[in-house]
Amino acid sequence: MLEKYKVLAIVGPTASSKSALAVEIALRYNGEIISADSRQVYRGLDIGSGKITEGEMRGLRHHLLDVADPQKTFTVDDYKKLAELAIDGAFGRGKLPILVGGTGFYVQAVIDGLDFPKVSPDENLRRELEGKTDEELLFMLQERDPKRARDIDFHNRRRLIRAIEIAEALGKVPPVVSNPKYQTLMIGIEENDEILKKKIRDRLEERLERGMIEEVEHLQKKGLPFERLEQLGLEYRYVGRFLQGKIDRGELFAVLEKEIWLYAKRQRTWFRRDKRITWHKASELTAVFLKVEAFLNN
RNA sequence: GCGCAGGUGGUAGAGCGGUCAAUUACAACAGACUGUAAAUCUGUCGCCCAUUGGGCUACGGGGGUUCGAAUCCCUCCCUGCGCA
């Protein structure tokens, strides 16, 4: 049997110092970083998305940053393809690929090798479905794929629409297939609530000082609509609202601090169910190194 | 000191005689996740037991009116604004 390539994944909530830790590991074990962050893939979203700086990269290759135009929607499937290419590239150079990021779905898509139905978004269909009520949508799905209709969260219009879109193209919604290509070690980075909250707050202050508002303003002036900023969430969403005068500066800070924290909790919920992850604090360098070493040597 | 407006669940803020353990929002807690995932969506949320359901304590304190009060009256305390 062919031995699978080894990939390391570092996951965890926002502001847990994953990136810095990943750099340490990469320096020590001859790695390359593959970012797994759904916002850092976009060009121009730098400060607000917490993209690593040139200096912080310490000369290591970082992949999957700035690979997409923020005007267009980038999807998990896009991510998966590009990430696999990057991982293969790293293998070619004899490097250990280290997947690092807080977008759990992206990480999962890669390490579990999820194959999504090959149905591209159909904007016309989506626009049409958007006008329907939840009940109508559910009914439409029931007609096409009763099984999927039974399992789906029918309050979630976005999912409902996508399911109909797939069913429309393929007749039904095929089960997602998992084809893991790599041997993976998953390490989760955590911090207790109090510290994580403080880090979120400090980081937010720092981002504002570094010109986060100006960054968003610049993106908007260059043609990124407020509706798009709204979709991008968190800093882009709320700074967008601030720029439109919907909230003031004080509210901006308060709401972002709160929303980022809620986001961190959602991330925890996602990762919590994946029992493969072993959790450490970013400060437990030695323990993490030992774990990585054991993984590489076995 | 007088006048006016208020004091409601963790917070904001509805309710203004019964259908109120109390709309709603936020927070909190739990969770979902099949090409937007920083997105999108769900559940719980006074206490105790229970499957529907029941019991208990609650709307600043105390006292009344009433079959029945968060809702009306009296009084006390507190807060904001206005006048002294």
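1. Crossing of H2 and H3. In this predicted model, helix H2 passes helix H3 in a right-handed crossing. The axes of H2 (76-92) and H3 (residues 104-111) come within 9 Å and cross at roughly 50°.

2. Residues between H2 and H3. On the H2 side, the contact is made by Val 76, Tyr 79, Lys 80, Ala 83 and Glu 84. Helix H3 contributes Phe 105, Tyr 106, Ala 109 and Val 110. Sorted by class, the contact of H2 with H3 has seven nonpolar and two charged residues, with no polar residue.

3. Division of chain A. Chain A is divided into two domains: domain 1 comprises 5-115 together with 178-297, and domain 2 comprises 123-175. Between the C-alpha centres of domain 1 and domain 2 there is a separation of 30 Å.

4. Crossing of H4 and H7. Helix H4 (residues 123-130) packs with H7 at an angle of about 130°, and their axes are 10 Å apart. The pair is therefore oblique. The crossing of H4 and H7 is right-handed. Its contact is made by Leu 125, Arg 126 and Leu 129 of H4, and by Ile 161, Ile 164, Glu 165 and Glu 168 of H7. By class, the contact of H4 with H7 has four nonpolar, three charged and no polar residues.

5. Surroundings of RNA strand B. RNA strand B is surrounded by 50 residues. The closest of these are Ser 38, Arg 39, Ser 49, Gly 233 and Leu 234. The residues of the surface near RNA strand B divide into 18 nonpolar, 17 charged and 15 polar.

6. Helices on the RNA surface. Five helices, namely H2 (76-92), H7 (157-170), H10 (226-232), H11 (234-243) and H12 (249-272), each supply at least two residues of the surface near RNA strand B. Helix H12 gives the most, with nine residues.

Conventions
Residues are numbered from 1 along each chain as its sequence is written. Chains are lettered from A and ligands numbered from 1 in the order in which they are written. This is a predicted model: local features need pLDDT of at least 70, side-chain atom pairs count only at pLDDT 80 or more; totals for chains, interfaces and linings use all residues. A residue is near a molecule or strand if its C-beta atom, placed from the backbone, lies within 6 Å of it. Helices (H or I, at least four residues) and strands (E, at least two) are DSSP runs, numbered from the N terminus. Ala, Val, Leu, Ile, Met, Phe, Trp, Tyr, Cys and Pro count as nonpolar, Asp, Glu, Lys and Arg as charged, and the others, Gly among them, as polar. Axes are lines fitted to C-alpha atoms, for helices over the stretch in contact, and angles run from 0 to 180 degrees between N-to-C directions. A crossing is left-handed if the near helix is turned anticlockwise from the far one by less than a right angle, and right-handed if clockwise. Two residues are in contact if their C-beta atoms, placed from the backbone, lie within 7 Å. Domain bounds come from an automatic or database domain assignment. Angles under 35 degrees count as roughly parallel, over 145 as roughly antiparallel, 65 to 115 as roughly perpendicular and the rest as oblique.
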